[in-house]
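Take a look at the model below.

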Amino acid sequence: MSNVVRVHGLSAQRIGAMILRYWYLLISSWPRLLELVYWPALQVITWGFLQLYIVQNAGFFAQAGGILIGAVILWDILFRGQLGFSISFLEEMWARNMGNLMMSPLKPIEFLIALMLMSLIRLAIGVVPMLVLATYAFDFNLFSMGLPLVAFFCNLIFTGWSLGIFVSGLVLRNGLGAESIVWSVMFGLMPLACVYYPVSVLPQWLQWIAWMLPPTYVFEGMRALLIEHVVRPELMITAAAINLALFAGSFAAFIWLLNSARRNGSLLQAGE
Amino acid sequence: MTMIRTSSAEPSSAGPGASPAIEVADLVKDFKAGRAVDGVTFTVERGSITGLLGGNGAGKTTTIAMIMGLVLPSSGRVRVLGYQMPEQSAEVLGRINFESPYVDMPMRLTVRQNLTVFGKLYSVPDLKARIAELADDLDIAGFLDRPNGKLSAGQKTRVALAKALINRPELLLLDEPTASLDPDTADWVRQRLLDYRRRHGATILLASHNMLEVERLCDRVIIMKRGRIEDDDTPAAIMARYNRNTLEEVFIDVARGRAQEAAS
């Protein structure tokens, strides 16, 4: 039996319908809205005070103002990008609504696009207060990074989406028993992506692995910008190339896992 | 006399316009736990109401799920409205709909929000008017702005039916449409289904344990047991063949393996 991939003829109306569905959910639930703002704000406050403390006690950090808080914000873009995607997906599993969607004319690619756009909306709700806090409480303006910030953001969000697509496929295939992967996958990436330290700190063999991850290039690029005041476009181009492969691989894996879910009947039993 | 009397063994190769609503041929589904559907073949003509009967584990839900494309067959073929499933599902999914106890509608969204989202997914023209029409037909106007999670079982069933009818489907697939409803509400739902078929000439395939429901609604009954078709005919003909007065008695005969003796 051949696989089911419906890609042609995307419908903006169907994508809009899915965004509307998540928007209705978000505005109907203040705990969901609060959760979007709460953790990013907590992160920036904790790391902001830590940065204030070490700036006063270490010359290096005094010169490289904002390096910690910048890393925290960029990390959160990566983390929230993946989580924003995956939580919208999980909402369908929790609501036992996946069968309704899979039986509707909604195509898998439209579903994924809606989840990506929704992750941007969720990210904006969480990160905007974080940026305001960083600017006014800790004197760090993320936008002072200038144009490279666009490259940082695009690379991080695409990595977040790629992982989000892949883990959503795992949940679709294996049920909510695989839900914990959604929450933990990004933390597995954290030590290798070298968020708070340069890649050179890692042993040589781990550096090879680290350079396979697009976020590593972003955080190295951010440090080059904040410490040496140098823009390194080659890092961003390499990250984009890896992201392209990662995104294509994740999409292919999602379709494979969706078809596998159809083969083993897990779309009917969306529980554990 | 043979016990397995299924109609047209092979799906027709005629164009979509001339084809039956559903054509299933040699359908098999194997799960790790064993074979759920074992060589099922039947067709459902347009405008008919067909009941799929059988005990737990008979293969009804899996068969319906394969017709919908939610489950991929291990082998065999399914055509819906003349299109091969799941390969040509994009041609079909906007023209069919379903209701099942295995799926829910989002609980936090209001009834109106849910119907709006699904109406847009099905590209329903003049959606507000369609929701108002369904609210009237299915008597859900009083709780259109209430979250789905705060409705009673009967109200939820009516809302699920509204979702299933939002796109005026040519083919409606229903899995236990009146399960957990009181007799009055169940009767009311059945009447709405008959009205819908009469007004739109729609085809309905329903799986049910409720024999009275099947007797009242269905032109034809397919009885399944252990993944195979045990019998396939009109309710009256099946009852006559088994020398029984109700489908419930036939069901018990089949379930307890007395089918052969009863029919002979």
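What is the strand order of the open sheet of 6 strands in chain B? The order is 6-7-8-3-9-10, with mixed pairing. Strands pair if DSSP finds at least two bridges between them. Helices (H or I, at least four residues) and strands (E, at least two) are DSSP runs, numbered from the N terminus.

This is a predicted model: local features need pLDDT of at least 70, side-chain atom pairs count only at pLDDT 80 or more, and totals for chains, interfaces and linings use all residues. Residues are numbered from 1 along each chain as its sequence is written, while chains are lettered from A and ligands numbered from 1 in the order in which they are written.

Strand 6 (96–99) and strand 10 of chain B are the edge strands, and each pairs on one side only. On average, neighbouring strands are turned by 15° against each other, direction ignored.

| Strands of chain B | Bridges | Direction |
|---|---|---|
| strand 6 and strand 7 (171–175) | 4 bridges | parallel |
| strand 3 (49–53) and strand 9 | 4 bridges | parallel |
| strand 9 and strand 10 (228–233) | 5 bridges | antiparallel |

Follow B:Ile222 in strand 9. B:Ile222 is the bridge partner of B:Leu52. In strand 10, the partner of B:Ile222 is B:Asp232. The hairpin of strands 9 and 10 of chain B has 2 residues between the strands, and B:Arg226 takes a positive phi near 50° there.

Why is strand 9 of chain B largely enclosed by the rest of the structure? Because 5 of its 6 residues (220–225) are buried; that is, 20 or more other C-beta atoms, placed from the backbone, lie within 10 Å of a residue's own.

**Between the chains**

In chain B, 31 residues are in contact with 31 residues of chain A. Contact means C-beta atoms, placed from the backbone, within 7 Å. Helix 3 (111–121) of chain B gives the largest share of chain B's side, 5 residues.

**A helix pair in chain A**

Two packed helices are described by the angle between their axes and the distance between the axes. Helix 4 (67–94) and helix 6 (108–138) of chain A pack at about 155°, with axes 8 Å apart. Axes are lines fitted to C-alpha atoms over the stretch in contact, and angles run from 0 to 180 degrees between N-to-C directions. That makes helix 4 of chain A roughly antiparallel to helix 6 of chain A, a term for angles over 145 degrees.

Note on methods
A residue is buried if 20 or more other C-beta atoms lie within 10 Å of its own, exposed if 12 or fewer, and partly exposed in between; C-beta atoms are placed from the backbone. Two residues are in contact if their C-beta atoms, placed from the backbone, lie within 7 Å. Angles under 35 degrees count as roughly parallel, over 145 as roughly antiparallel, 65 to 115 as roughly perpendicular and the rest as oblique.
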